[in-house]
Structure formats: structure tokens, C-alpha cells
Amino acid sequence: MGSIDAEVLGSEKKSNPGKATILALGKAFPHQLVMQEYLVDGYFKTTKCDDPELKQKLTRLCKTTTVKTRYVVMSEEILKKYPELAIEGGSTATQRLDICNDAVTEMAVEASRACIKNWGRSISEITHLVYVSSSEARLPGGDLYLAKGLGLSPDTHRVLLYFVGCSGGVAGLRVAKDIAENNPGSRVLLATSETTIIGFKPPSVDRPYDLVGVALFGDGAGAMIIGSDPDPVCEKPLFELHTAIQNFLPDTEKTIDGRLTEQGINFKLARELPQIIEDNVENFCKKLIGKAGLAHKNYNQMFWAVHPGGPAILNRMEKRLNLSPEKLSPSRRVLMDYGNASSNSIVYVLEYMLEESKKVRNMNEEENEWGLILAFGPGVTFEGIIAINLDV
């Protein structure tokens, strides 16, 4: 592929007027840290299951996910209070939502406060709130409870994105970008928060796909501040959000399937999901780059902030796009340290990206300033943003 047209790019070192920028990042986690090497014995003990075949299958899955540690809301205290959560077939949607609604708000408040602290400006200057979660359901929604928990002004404009799944973080970023660019002077707080309790179940031979979730998913929250025209006195832009697009793939609705039932959420992930992403990711990236008005560029001259849906997805992307191994290093680190934390994951990936770019800069190596922020979710839906790393 050729090089990007420098005249199209504009400034390489500072944000372009009117373009949305990420001004701060923040994250939060529940207190329960799960080591992957101990997960299988703990899970089968908790659920009082002694099926050796299922246990062996989960052991294999835990090794292939590459996950080392995760944070989870689930605890011994919760199971003592709600033992029915570990029993097959119980009607537990009410109990699950009671736990999840409180847990995601608590984590979202903590992540947002960390983000606002990193931003360095007053919470009263937040004008808009975008809240993303696939782990709760209530009216009013979690956006209002988060606004209340933070003490946001009643005049704050709120947007709620429920059940967007793994693409939710980038979808929220796309919405926040549109808000920031169409409301000069605005400052948008984007918060994501997820917990797997909504889908926690005992192992069952009738639901072998549940074991993938047990081996892969984690809990937590993330937050970003987004705004255009950063104040050079008190704000330091991290990424410029140049162009955002969304596409869904026709006739793939059943590939990622989630249903809210009396037993919580039932998820099904089709085996062909990694292949579907591999088959379509390059055309999507070309469309995104073209939409930004850029000439094609060698993918290895760009940074890649990719939602870590699982090792198979990352491996197939790397192969299809012929990426150097270090390009997906932030995504692989997130998967190893936090598991697939659904909509939160992109916040963690961007944090690791900034950390790694500082190391590159310190070694006087070439910076990869232009890049892509990508996620894949139910639909199958592709979310993508062309961005510039301004933290140089």
C-alpha cells in the first residue's frame, strides 16, 4: 500500500479545529481478582458440579484464551446471599438485576471520577453524558444513576446505549464524537460499565458455549472525556477522532445472540465469528480510510487499537492484514490482564497504547501517530474510528 497524502492529514502534532479529541481516560474494577489458573476448580466447586468432561473442556478453554487475570463482581458473599444463582433453571432475573444495577453504577462512578481527575477540570464543566452497558436494565437507566452519583448538573444532556455488547465502547465514542463536534465548547463524559453476573450460570452439557464466557469475560468500567478545541492551558489531548463509521453484516444476526430470560442473559457465540471478522475486516478498514479522505497506507505504519474479543479474532486479523506482532500488543495485554471486558476494553487498550507509545518515544523510535480504533459486536456490527495519537 502507498503512503498517506500529507496535505490531507493536516497538523501531525496538534488537534485540528473542530475535531473531537479524547482528553482523558479512567478505569475501575471490582475487588475480586481471579487468577485464571485457579478459575476451573473454583467455578466447579461454587456451582457444585462434578462433570469431569465439562471440567476438562473448561480447562482447555482457559489455556487457549491467553487470559491470566480478571476482575469480577461475583463473590462468596453474593453467593451466600443468593445461592439460587448457582442452581440450574432458577428464576433469578430479578436478583441478578438487583446486583448488577448497583455494581455497574458503583464502578462507573469510580472510573468517571478517575477520568475527571486525570482531565484536571471541574466536574461542573461536563455538558453531556454517554453511558454504555450490556449488564443492567431499568427505568430510569444507569445514565441517570451515574449522573446522580457524580453530582452532575440536572442540565447535563444524557444518551443511553444498552445491550450493544463488545462494540459498545467504540459506538459510545462515535456518539460522543458527534456530540462534541456539533456542540462547540461541550465536554462529553463517556462511561462504560459491565459485569458478568447478568449471565452467570452453572455448567451444563446443554449449553457448552457458556464455558467460553466463563473462560474469557471479565468485569470493570471505563471512562473518557471527549471535546473539541482543547484549551492549551488546562487540557492535554490524547487522540483526535478524525472519522467514524459503522457497518453491519447482513444475515449475521444469530452469530452473536443474547437473550434476557428468567435465568439472566443467555449468550451464544457462533464458531464462525472469527472467520466472519477475518473475511470482512480488510474491506471495512479500506472503507474507513477512504471515508477519512486518506490515501491508502501500509497498515504497519499505523497504530491499531482493537477490541480484544478473543485470541482467535486477534490472530486472524493479524494474519489477514499482515500486521507486525507488536501492532496488536496493547489488545493482547488487555486480554491477558482483564479478559474480554466487553464495552470497557477499548479504554484499557487505549491506555496501554499510550504507555507503549511513550516507550517508543523514549527510545527515539518512529512514532505511529495515525491509526484505527476498532470493535466488533452483535449484528455482526463493525465500529471503526480513524484517529491520531496526539500524546507525542
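## Terms and model

A residue is called buried when its relative accessible area is under 20%, exposed when that area is over 50%, and partly exposed in between, using a 1.4 Å probe and protein chains only. By that scale, aspartate 98 counts as partly exposed, at 44% relative accessibility.

This is a predicted model, in which local features need pLDDT of at least 70, side-chain atom pairs count only at pLDDT 80 or more, and totals for chains, interfaces and linings use all residues. Residues are numbered from 1 along each chain as its sequence is written, and side-chain values use heavy atoms, with hydrogens and water left out.

## Two domains

Let's begin with the overall layout. The protein chain is divided into domain 1 (20-228) and domain 2 (239-389); the bounds come from an automatic or database domain assignment. Between the C-alpha centres of domain 1 and domain 2 there is a distance of 19 Å. The contact draws 54 residues from domain 1 and 45 residues from domain 2, where contact means heavy atoms within 4.5 Å.

The size of an interface is often given as the accessible area lost when the parts come together. Here, domain 1 and domain 2 bury about 4000 Å² between them, with 64% of it on carbon and sulfur atoms. Buried area is the accessible area (1.4 Å probe) that two parts lose on being put together, summed over both.

## Helix α3

Helices (H or I, at least four residues) and strands (E, at least two) are DSSP runs, numbered from the N terminus. Helix α3 covers residues 52-64, and its 13 residues reach 19 Å from first C-alpha to last, close to the 18 Å expected at 1.5 Å a residue. The expected span is 1.5 Å times one less than the number of residues in the helix.

Which residues of α3 are buried? They are Leu54, Leu58, Leu61 and Cys62. These residues cover an arc of only 100° around the axis, which puts them on the same side of α3; the arc is that of the directions from the helix axis to the C-beta atoms. An α-helix has 3.6 residues a turn, so residues three or four places apart point the same way. The buried residues of α3 pack against α2 (36-46) and α8 (210-216). On the face turned away from the buried side sit the exposed residues Pro52, Glu53, Gln56, Lys63 and Thr64.

Both ends of α3 have a detail to look at. At its start, a side-chain oxygen of aspartate 51 comes to within 2.9 Å of the backbone nitrogen of glutamate 53. After the helix comes threonine 66, with a positive phi near 70°.

Helix α2 contains tyrosine 38, which counts as exposed at 57% relative accessibility. Tyrosine 38 and leucine 273 are 235 residues apart along the chain, and their C-alpha atoms are separated by 28 Å.

Helix α5 (residues 93-119) has 27 residues and spans 38 Å from its first C-alpha to its last, close to the 39 Å expected at 1.5 Å a residue. Aspartate 98 belongs to this helix. Just after α5, glycine 120 has a positive phi of about 90°.

In α11, the buried residues are Pro330, Ser331, Val334, Leu335 and Tyr338. They lie on the same side of α11, because they cover an arc of only 140° around the axis. Glycine 339 follows α11 and has a positive phi near 70°.

## Backbone details in loops

Where are the cis peptide bonds? One joins leucine 139 and proline 140, with omega about -5°, and proline 140 lies in the loop between β4 (128-133) and α6 (142-150). Another joins glycine 379 and valine 380, with omega about -10°; valine 380 is in the loop between β12 (370-377) and β13 (381-389).

Two loop residues other than glycine also deserve a glance. Phenylalanine 163 has a positive phi near 55° and sits in the loop between β5 (157-162) and α7 (168-182). At 39% relative accessibility, phenylalanine 163 counts as partly exposed. Serine 342 has a positive phi of about 55° and is found in the loop between α11 (329-338) and α12 (345-362). With a relative accessible area of 11%, serine 342 is buried.

Technical notes
A polar contact is a pair of N or O atoms within 3.5 Å; within protein, one must be able to donate a hydrogen and the other to accept it, and residues adjacent in sequence count only if both atoms are side-chain atoms.
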